[in-house]
Structures are given as structure tokens and as C-alpha cells.
Amino acid sequence: MDGARTGDAKTGDDGGGAEAGPPALVDHHCHSVLDAELDDDELAGLLTESDRPPAPGTSPLDSALGLAVRRWCPPVLGLPAHAPATDYLARRRELGAPEATRRLLAAAGLDTCLVDTGLLAAAGRPLLPLPEFAALTGADVREVVRLEALAEALDPAAAAWPGAVRAAVGAAVEGGAVALKSVLAYRHGLDIPAERPTDREVVAAAGARLRAGGGRLTDQVLLRHLLWTALDACAGRGLPIQLHTGFGDPDLTLHRADPALLAGFVRAAEPTGVPLVLLHGYPYHRQAAWLAQAFPQVYADLGLTASYVGPRVAAVLGEMLELAPFGKLLFSTDGYGLPELHLVGAAQFRHGLGALLASWRADGACSAGDVTRIARLLSAGNARRLYRL
Amino acid sequence: MDGARTGDAKTGDDGGGAEAGPPALVDHHCHSVLDAELDDDELAGLLTESDRPPAPGTSPLDSALGLAVRRWCPPVLGLPAHAPATDYLARRRELGAPEATRRLLAAAGLDTCLVDTGLLAAAGRPLLPLPEFAALTGADVREVVRLEALAEALDPAAAAWPGAVRAAVGAAVEGGAVALKSVLAYRHGLDIPAERPTDREVVAAAGARLRAGGGRLTDQVLLRHLLWTALDACAGRGLPIQLHTGFGDPDLTLHRADPALLAGFVRAAEPTGVPLVLLHGYPYHRQAAWLAQAFPQVYADLGLTASYVGPRVAAVLGEMLELAPFGKLLFSTDGYGLPELHLVGAAQFRHGLGALLASWRADGACSAGDVTRIARLLSAGNARRLYRL
Amino acid sequence: MDGARTGDAKTGDDGGGAEAGPPALVDHHCHSVLDAELDDDELAGLLTESDRPPAPGTSPLDSALGLAVRRWCPPVLGLPAHAPATDYLARRRELGAPEATRRLLAAAGLDTCLVDTGLLAAAGRPLLPLPEFAALTGADVREVVRLEALAEALDPAAAAWPGAVRAAVGAAVEGGAVALKSVLAYRHGLDIPAERPTDREVVAAAGARLRAGGGRLTDQVLLRHLLWTALDACAGRGLPIQLHTGFGDPDLTLHRADPALLAGFVRAAEPTGVPLVLLHGYPYHRQAAWLAQAFPQVYADLGLTASYVGPRVAAVLGEMLELAPFGKLLFSTDGYGLPELHLVGAAQFRHGLGALLASWRADGACSAGDVTRIARLLSAGNARRLYRL
């Protein structure tokens, strides 16, 4: 459970066997990367949730996440940990983006990656196709289909909207997606009516959307219909739906991304049996953890947050483990664009969880066997069970 | 201030005297227990706020609370701390539920218990009557009357509702209740209008309730009227009202149980002088602590949370002590159904508060005398003053 | 970075130079003090956000803030740290308030103070004028003008309200104010419509205010108009606007002071380029930190909270540093009335940040150079850049 990783992680025994070494990592939520050369500002711009230029005199690299990048990445490129950002960026250019990307992704030590393919570009450049991403990570790669991207690619007449959405979601599920993902939190907020909208409401909303020229899907009725269509498609197949919750880029209105707002929907969706995976959650991760305790079909994610909070990772993971059953928590990197984020996500999780569980053990709060077992569940075991990997 | 407890706890000097041993514990909020034999699933089902079966492959015992149970309970039944859950359950069966219950309750070392008698059963079986519970704990036992249970037992004509409620609440207060308790957070949420409803509104709502067939009391006007009737009954007697706030079972909509939502009611109730005790509060315990600082009549509880967060107890107690005056915080176990919960609640509090205050002392933040004094206030002194024990 | 302070703090090199000693402190938000003799209850009343008498048997001194006062202040008056409150109060009386004030303010070691002059009194007595406060602190003192106080001093006809407000705010800005400050959180809550109100709405609201007899400014339209007038006045001058967010006195409704509620306003105000400084924030400081990451013009304050949470200061500062870029966080004391609060604010910050960063270093999360650089940014560098000192 430290940042370093031995080569035997693919053994993947989550049952509590005796072998040494850190547990394998199943990254249940990430994106692909760029291997293009980026200038320093472009690179720094991928180390913040902001899409704006930084304030005068400040840099996104001067942050908790920046410290984590400078801790874990320079050694992989042949520099000491904590090398100054300028040295790191120079060294990265010297090696070239493809070689840096290769080294960083390999060092992440990811066993399996579930990749959200709803974003195709970063910093205005196309992300690597999945086969190349798979080759560089050395991981088994599976696809998570983003619902809103799916629906926005459709262009049916209003009356045909429900059927077209149903067909598209069905095709995604048939086509091998390992989960579906909703970004309702960005597009409207999680404060939606619990119940399924009627077809009449949906057709009316689709008509209004058409008249407004289509584009980005933000209508609450259509977003909610999309989610219910996804529930229909996933039900009986054991496919989970991931939902963005908590912090993100400036598009998002933070308090409307509080996962607690989903309680009504969670209750309404409960009879479908479809697992709902609450991504990120911070700073409402304790609310997500309560939902994971209260409702059998709710799971919670540890990713993004573990990277962004940098030196505070053990404390924040601790908060996530307060109410959530240990069988309900899932590691991810949410790496996107920069391969640094995949390495940082993995290293932060390994180090932070290791430090947290070691402190529990030192306090007498659990046994050595508990430490091993909990680490394996969160690292891979829960994801393998949930996504049937 | 460790999990162990010496026999002299009843000395109960809260003033900072020199005697050794941990301070006495006044559990200002708990329930009675079962001593029936439970199967493993029934027992595990009492170690979560969920009333649903666990998700496939997961167990409520595999949680922060589960770790706390396995830390504190096995030694009392003759097993080592952290014994596997299966061993513990087997040993519990071997001893028999009555003997296990006897040992666990005695080990909790509770000096006084204020028992909420609004729940009469757990896992479909009746809880022990108060005298038996008192005998097993060795504690002085006093009753807290749950308002909604009281009102639901009434069956007056609509026009008689205000008088019937007033009479029932008055009888509870006359009958020796040491406090009243509201579960408004479960029934409606804490987002209520601040002011007292008019009799006309109450009679109309009671009529609607009658026409709907009675049952569970969820009407906002009737719930609010009940609370104001309780204020009337408690005013001048120094009797506090306890209010559930924060997390609980899936019935509850978490963000509507945020105690901050009570600010308007707290201000409106302030002239009555009736102490309002905010139970639990998590994950909004910092909000509860602010109310306890801002308003003289507001107090905050440390229980349930201290048990559920397991290894994180010292950190979470720390959050509760940030804003709340030390004279306003109250220990409880919220033990319900399983005697394990009474022992775990007591042991977690003793250990967590001990660790927290020791870390303050080590940092130079307080004196040794402060450690002793704060521990005594939270353990028993505040409760004795507030409930006039 | 410890509570003690050497005399050379005015060197003020934020660039990471090699000189020893703690960094200089720019207190970007505080008030003046009393040097009148106060009785014990008056003094204790200034150590809580409550304006009510304490509950029977409790004292505001028995709190996390009280521990911090007893840690840092007695040594300055010649008593040991952690001296009992009664000894401290007696010694303070013996020295006399002027001498105690002189000692406490000098010991705070503040290099620069930005003083909110919107409050003129504490405990019913006038605060010291700025020149006297400057002489006692030894600091450069600059003024922050409180918007609502400015507007309440006006008495125009309704139709003249917009122009009168514009002139008053303009005069404040011309008159050398280093920032403006809004207490919208107290007067209405931060849940306001994002857009600028129309002149017609403003005149109508001003008319209604006149008819109601004027007084305290609580009308949402007028408050919002005041904020937009402030944006106009500050735009192009680089003058920031400070906004109270998070906890405060019982006037405030806590959940309506959540800075996340400002997201719409922050987006609407973004084109003006005016920096918005979110004061305090607790217990929503993580939300404030996200806004500081997402929006270039948003900054966040560390003060008031660092004092009130006493022994928990390092943990809470840690939470603030999770998402906020290090270039966006600002030290303050929010000292008001009692000079103890200026010393405690400074000492708590130095000690807490020192302990936090030392723990990061010990964990391997950052370098020694990072520790120095981050401490200088938060202590003074960010404030000097933001307020152009």
C-alpha cells in the first residue's frame, strides 16, 4: 500500500490471501489521454477544474494537486520527487510527450480501466483511441457510455425522441458498455423530481429542444427521461449507472450537485435493482456515504477527490469510510487528458489508504487482516463484483 | 478515558476533583434492547441504519461500525479483540442471548440512561421493559417520551385534536418524563415554518388526517403543533426537548435533516426558555455546534455518530468540539436493540474523547486539568445539569 | 511558523528567500479594539458569536476559542500559558485595559491591518480610532468600507437612491479604501438572483424602505443593487470586494450563508474582473475553496475560523487548503473589540499552519521549500498582491 508498485499486482486475489505486494487496482472511472506536446499553460490548465486562465500571480500547479503531481511524477521521468514545476515541465518536453505518457501510464500500475468515452478531446486536441490507451496502460480497458453525449448525437422528430433514445441506450448496452454514466449534475443539478416523466412530457420537451436548435442537452425532463431509459436498459443486466456528484468545473453549481438531493430518485429507482454509483461527491462525500449505507443499490467513488486534495488524502478517505460499508467503495483516478492524473490518482490512493489503515491499526481499531482485506475491496474487489469483471 | 472502566464511576464529581479512573457516563439518549436469540442476518441488520437486505457480496458488519463492534465486544464474551465476525456470532449463540446481553450491558458502565420509549420493538421482537433494562445496565433509568408516538395513539375528533394532544403531552410531563423527543426530521424534515400554527389550521389538518384513516403522523401542521404543545408543557419546568437531526434510516431525506434548517424555529422558541437538544447531527454536526454556540437554549449530542464512524471517532468528535461550548455537548450511545451498541457507544466515546484530548494536550493546546474537566462535562456533568438528575 | 515572532517580520520577502524567522503577517480583515475596562461577563461576551447571555452553568470561555485565549494570551500578561480564566481576568484588570491592550496587540506581530470600519462599537463602547489602533499594533493600517453601513447613512428620496448610493460608494473608493465589504449574508442570505436589478426595481424598493422608516438595510433588491454598484466602482481599479460567508452571530441563518449559493452572482460578476474575497466560510469552507479554484476572481479567507476552532486549527486549515490554489488564500484575524482576538488570530494561524505544513513535509507530501513558500503566500504575499499593498 505505498506509491511504489511491484509487478505482481495482476494476481488480483481479493479474498484475503497471503501474498505480499499492493493489491491490483481496478480504475472504475477514467478517461483517455493526450500524447501531443502541450505548452506549459495548456498542461497546467489540465491540473484544475477551472477552464479559465489563472488569476494574476497564481498557478494551478501551486495547489494540493500540484504538490501531488510533483511528488509522484518527477521520479518516473528521472527527476527527484518535488522537483520544481519548471524543471518537471522542461524534462517532460525533453523526453517528448509520447515517451512521458508511456512512462507515466505504465507507472500507474492499473490492472483494469473503465473509460468514460463521453469526452473525446482535451485542450482542444483529440484523446488517444481506446486501443492505444490500453496498450500504454497495460490494462484491460472497458467502455462506459455517457448518456448525454449519446442523446445529443440523435436528431429525431419530437415524437420519435423516446424511441430514439431507447434504441441508442439499448445499442450502447448491447455493444459491450460496462456501465452508463450521467452528468445530470452539470446539466441541471441533482434536484430533480423522483418519478419517471410521461411520454407526453418528453415529446413536448423534445419539441421545444428542436425549436431551440438542439445542442447541449439541459432540459430537466429530457435528462430525467434519459436516466429512466438507462434504468430500463440496465435492469436485469446488472449494469450500473454512474452519476457525477460533487465538485467539478465552473459549469456546475456546487450545492445542486450534492448527492443527498438524489434521495427521491434513489428510492424511486430502487425496484429496478440497478446499481447507482455516485462519483466523487466531495465536499458532500459523507452524504454519498450515507446513501451507500442506507440503500443497497448505491455505491460511492473515491476518485478525483483523492488526487485533488493532495497531502490531505488520508484524512479525506477517512471521511468517506465513516458511513459507507467497505463493500460499497470504489477506487478510481478520473484521469483525463494528462497521464500524470492517472499516475497521481493511483499513487495517491495507494499512499493515502495505506496511511489511513496503518493509523487505524496503530490505534487498535482493526487487525492486520482487516487492513489487507479493506485495501483489496476498495482497490479492486468491489469493482470486480459490481461491474462483473 | 479508555475503553476499560473501573467500578467507582458513580462518584460523579464533575467539578474537576482529583480521583482517578474514567468519569461516570450519563447516556442521555438510548433505547432498550432485545435479549432474544437472533440469527446472524437479524443481528447484522441492527448494525446499519438501512432496513433493507445488504447488497450482494456486502455485509453491514464490514464497516466502520462493524470494526468498532469487533474491537470492543469480543473481549467481553471471552474472545480476543478483532475476532472475526463469524467467531463472534458463534460465541454469542453459545453463551445465549440473555447472558451475552447481561455481559455487554454491564461492561458499558453506564451510570444513568435516559431511554426513548417511542420504539417498542426491534427486528420484529419486543424490547425489554425498562425495569429489566435497568437491572441489566445497573444504571438509573429515566424515560424520554416520543411526541409522535404519543399523538399517534390518540383518536379524537378533529376539533378535539389540540386539547387531546395537550392533555397527552401534559400527562407525559406529569408522569415523570425527563424529556420529550421529536422525530420531525423523519416525518417531514426540519424545514418548517417557524411560527406556531393556529388552532384553525390544526383542526383542519386533524380533519384531513382523520379522513385519510390516521396512521403515521406526517402532516407538517400537526407535527409543528405537537412541537409547540411540547414547548408549552416544558416551559417553566426546565424539561428539554430532544430533536432527531442528521443521518438515520432510509426513511429520512438527509439534507432535510440538517439542523441549520431549525434556525427559525429556534429563534421563535427562544422566549420559552425550553432547552432544545439536537441529537446526532452528522454530517451536519458542525451546523449543530454553531447553533449551540449562538443560542443559549440549544445543546448538541455526540452519540450514534461516535459509534458509526468507528476508527474515525476522535476526528469526528474533534469537529463537534470546534464551535460548541464545552458546556453544551452531551454523551449518548443511542444504543437500540443490540446491547453491543450500548457497549460500543460507551467505549467509542471514552476512547475517542480520550485520544482527542490527549492529542490537544500533546500539542500544547490545553492543560491536564482542562482534559479532566472537559471529559467530565461531556461524560455526565452537562447531562446532570440539563436534565436536573 | 510558531506562535513566537521575531522582530524582523517586516522584511516581507514572499519570493522564497532564505532569511530565518516567521513570515510577516498581513491581516486582511479585522476590526479595531476597545481599551476600556470591561467586566468579566462583557469580556466573555466578546469571545462568542452569540449576543445572548450564556446558558446557566456554561461560559463562552469554556470552548475551543477559550482554550486558545488561555494558551496564547496569559504569557503576554506575565502568567503561564493555560492559566485559569479567573486568574487571567484578574491579571488583566490589575494591569489595566490600556496596558493589556498594548501588550496583546504588540504581541500579535501584525505587519499590515485592513480594518473593516463598519462596526464602530463593541459591548456598547466605542472602538479605538484607526490612528490609535495603528499605533498600538505597530502595523500599517488601511480601511475597508462596509457597504451596508454606507448605504444606511444615506437619506435620499427614492428616485435619488441609485445616484446617492453610486456617489457614496464612489467616494469611499476615491477616499482610499483598500476594499469594500458586504454583509449580505447577514442581511438577507447569499441566495440572491444573479443579475443586476433594474433602476425601476431599485427605486421601488427604496420607496418601500422610506415608507417603512428606513433603518437596517435588509431589502434584497437594495442589497443586490449595492453589490452591483460596488462592482462598478471597483472595476478597473483592482479593488476587491469582501463578502461575509459562513458562521457568525445569531442574526445569521447559517445555511443561507453557504458561499456555494453565490455561484450565479460570481458568474454574472466575472466580466467585471473585480476580485471577490469570501470571508470565513466555515462550515462551508470547502465550498469556498472550490469557488476559489473554479473562478479566477474568487479568493478565500482563513480567519475567524482559525481562532474559533482552537485546538483543531491545523485540521481545519487543512480542509481549506484541499481545493483552493495556494495563491488564493488569505490570513486574517477578524479580531474585534478584544485585543486578545488579534493575538489569538495571529498565533493560531502561525501555529496551525506550521503544524499542518510540518505534517505534510513529514509525510513526504512536499519539500522544505514548499513549506516556506506556502507559508509566505498565505501570511502576506497573496494579500500584498491582491490588495496592491
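Predicted model: local features only at pLDDT ≥ 70, side-chain atom pairs only at ≥ 80, totals over all residues.
**Notebook: how the chains meet**

Residues are numbered from 1 along each chain as its sequence is written, chains are lettered from A in the order in which they are written, and side-chain values use heavy atoms, with hydrogens and water left out.

I then turned to chain C and chain A, where 34 residues of chain C are in contact with 36 residues of chain A. The area buried between them (accessible area, 1.4 Å probe, that two parts lose on being put together, summed over both) is about 2900 Å², and carbon and sulfur atoms give 53% of it. On the side of chain C, Arg286(C), Trp290(C) and Glu322(C) lose the most area to chain A, together 21% of what that side buries.

I looked up the salt bridges next (a side-chain nitrogen of Lys or Arg within 4 Å of a carboxyl oxygen of Asp or Glu), and the count between chain C and chain A is six. Arg286(C) forms a salt bridge with Glu319(A), with the closest N and O atoms 2.9 Å apart.

Finally I checked the symmetry: with C-alpha atoms of residues with pLDDT of at least 70 in both copies superposed by least squares, a rotation of 120° with 0.0 Å of shift along its axis superposes chain B on chain A (RMSD 0.0 Å). The two copies are thus related as by a three-fold rotation axis.

Technical notes:
Contact = heavy atoms within 4.5 Å.
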